[in-house]
Amino acid sequence: MKRAVAVLLAFMMLFLVQIPSAKAEVYPRDIFITPSIGVPAIGVPGGNITLELQKGVQINALTIISVLHGPYSLQILGQEGNLLRVKIPENVVPGDYFLQVKSNKGDITIPNGVWVLKEYPKVLRIAQVSDTHVTSGSKIGYVCKEYFQRSPIKLAELCQPVVPLHSVVAADSAYTYWAMQKGVDVIINTGDDVDTSGDLTGYKIIYNIMSEAAAAGKPLINIKGNHDDPPTVYSKLIGPRYFYEVIGDFLIIGLDSRGDEGHPEMAQIAWMEKVLEEHKGKIPIVLVHHPVFYFGPNGQWLGGTISGLDPVTDWDQLKGYLSKYWMGEPDIAKRFMEDVVKYNIKLVLAGHIHHDKYHLYIDKNGSKHWFITLTATGAPDKETNPHTNPRYSPTWYGSNLILVYNNGTVVDPYAPKIKDMMSAPIPQEFIVFRYHGKDGTAVKFINELNNSVRGPITLVIPEGAKIDPSVTNITYTVLGEREIDGKYYLLLNATIPVGITQVVVSKEKDTQKPEVKIAYTFPSKPMRGKAFKVYFKASDNIGIKSMYVEVEANGKISRYIGEPTKGDPTNTYYVAQIPGVDANTYTIKVVVTDFYGNKAVAEKVIGKTTTTSTSTSSTQTQTTSTSTTTTTTSTTQTQTQTTSTSTSTISTLSETTSSTTSTTSSKTCGPAAFIGLTLLPLLFLMRRRR
């Protein structure tokens, strides 16, 4: 026994020694407190910026680069404690830059690391997004023009065509739209970047979305929300809990209203007051996820004007308008409102409640303070349009544009008066679907606005791929192309017309058909007239332009949209929701088409047939019969595969389970699995010993 154990342990140790150690990934937080992708360093050509280092970090070199300009080397002027003073070269072309860093902790590139302005603005034009709730899982709502529902079946009764809007697509669409707008200086996200604070893949997805907006030249600022709490991953990739930025005459303060607390702690308020004291004369703008105000005059929950109330002398009356989040600790709420008056905080931007609100607070001195709360840009967890609950007003997927003048005036063009939706219909009516394949990149646009959308847009493409004009129907000019940190960015000045359009970047003309296979139905045996779902797998070497499920029953064909089961860009599994089929026998087809028109079809026949079996006892057996057919067609070839079985629903589930098990096994057949196998003889010997 001892000899056997010794041999097994020695073999295990030998195997472990041969396992190469994985190199730890370096995150922005490992090197900097600021800047980060959500809190850039801001300056002008020839000016100085300050970078806040983590303890023990030594910077060896700093450069900035964009798709069109650079690289430029930044001159290190000196260091005091953990503050590193750096000079921007005189010849830098103004724009938003990736910051490339060489340090003793590793090398890293931070998109949106340095924002270089030609001159500081007299009007700060902010595009606000909020509650993007990006997830590597599934978070989908359904839209059609201004309508929004959480059920595609219900929406189909109101409007066609129904578009499934995943939180990833919604967030990317909003960032893409505002990055294209010349009349926007910065995109600000007021929290709940992801749906789950520990979803590293989700954070990497929104990091990539923000990177593409930065590569298009649009600066970004982010604060965290309660879904980003605890900020373990958020701080690694996006930015610190709270911070401030100075942009000429404007002071932006980002606060952390934390998780379920719903408001900053008193120490954070004291920090804010110190920042305000040090920057008197600036126009203060505060970003906080949980809204301060909730009700308006006469209980109006969409907002309104509140005037003449002082937080010191009229607190008992003023607090009735504040949200339950801040009123969880009235002392903190009261002190914040006193600071609003004392330091003349002009604008407070918030999110969290997934609905638009607009409050104008006029203090006893006659000074105006705007509190603007935005609906969710990416989450479907909100009241629908049309609304289903008569107690609440409808809403949609929205974002906003706010103009702040250096005299303190605030203008919100989308909220001239109190109404249900006081935000822009972005991404509600401007949707961008991006696809990345090994042989190319494709983007589909759905523009239901009343005008074309013009401006810069960035595509991440495979090396060597070019735009194919034969399958591209937008107007564009190629501005530049550059590899940055292992990605190839193609920058276009594009015009996206009204309707459905596309741009395709490929290595060569695509004649390769997509792949599609029906995985299973849920439930496995759909009941007549009852809703069910069809799960299928689909992929393409460039991208899938459209997918739907056809149901042919009683001589009639109905179509239902396919939607992704995950937000992860590597997802290949989709689902379609079927309201129910009033027939015993019918055919379902999954139809998938790529951007070159190549088509693939998977078919499954569901129904009941009765067969008679002759035996000595003359018994009859009724069997459920389902046949599955997969047909793929392209411009050059056709492939047909047919499989039939008398117990297909069970077989299909078995095949799916087997496939899943095989995939899982392939992922776990590494060192851990091998060590587990070596332990089996040991466990067997120990059992015999006992």
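This is a predicted model: local features need pLDDT of at least 70, side-chain atom pairs count only at pLDDT 80 or more; totals for chains, interfaces and linings use all residues.

Residues are numbered from 1 along each chain as its sequence is written, and side-chain values use heavy atoms, with hydrogens and water left out.

Entry on salt bridges. I used this rule: a side-chain nitrogen of Lys or Arg lies within 4 Å of a carboxyl oxygen of Asp or Glu. That rule gives a count of 23 salt bridges.

Entry on Glu278. I found Glu278 in a salt bridge with Lys274, with the closest N and O atoms 2.6 Å apart. Both sit in helix 7 (residues 266-278), four residues apart, which means about one helical turn separates them. Helices here are DSSP runs (H or I, at least four residues), strands are too (E, at least two), and both are numbered from the N terminus. Glu278 came out partly exposed, at 46% relative accessible area.

Entry on Asp185. What does Asp185 form a salt bridge with? I looked, and the partner is Arg125, with 2.9 Å between the closest N and O atoms. Asp185 is in the loop between helix 4 (167-180) and strand 14 (186-189) while Arg125 is in strand 10 (residues 123-129), so the pair ties together parts 60 residues apart in sequence. Asp185 is buried at 15% relative accessible area, and Arg125 is partly exposed at 30%.

Entry on Lys364. I saw the side chain of Lys364 meet that of Asp310 in a salt bridge (3.5 Å, N to O). This pair links distant parts of the chain, 54 residues apart. Lys364 lies in the loop between strand 21 (357-362) and strand 22 (368-373), and Asp310 in the loop between strand 19 (303-307) and helix 8 (315-318). Is Asp310 buried or exposed? I got buried, at 6% relative accessible area, whereas Lys364 is exposed at 55%.

Entry on Val460. I placed Val460 in strand 27 (residues 453-461), and at 15% relative accessibility Val460 is buried. Leaving aside neighbours within four places in sequence, Val460 is in contact (heavy atoms within 4.5 Å) with Glu212, His436, Thr441, Lys487, Tyr488 and Tyr489. The C-alpha atoms of Val460 and Tyr488 are 5.6 Å apart, though 28 residues separate the two along the chain.

Definitions and conventions:
Buried means under 20% relative accessible area, exposed over 50%, partly exposed in between (1.4 Å probe, protein chains only).
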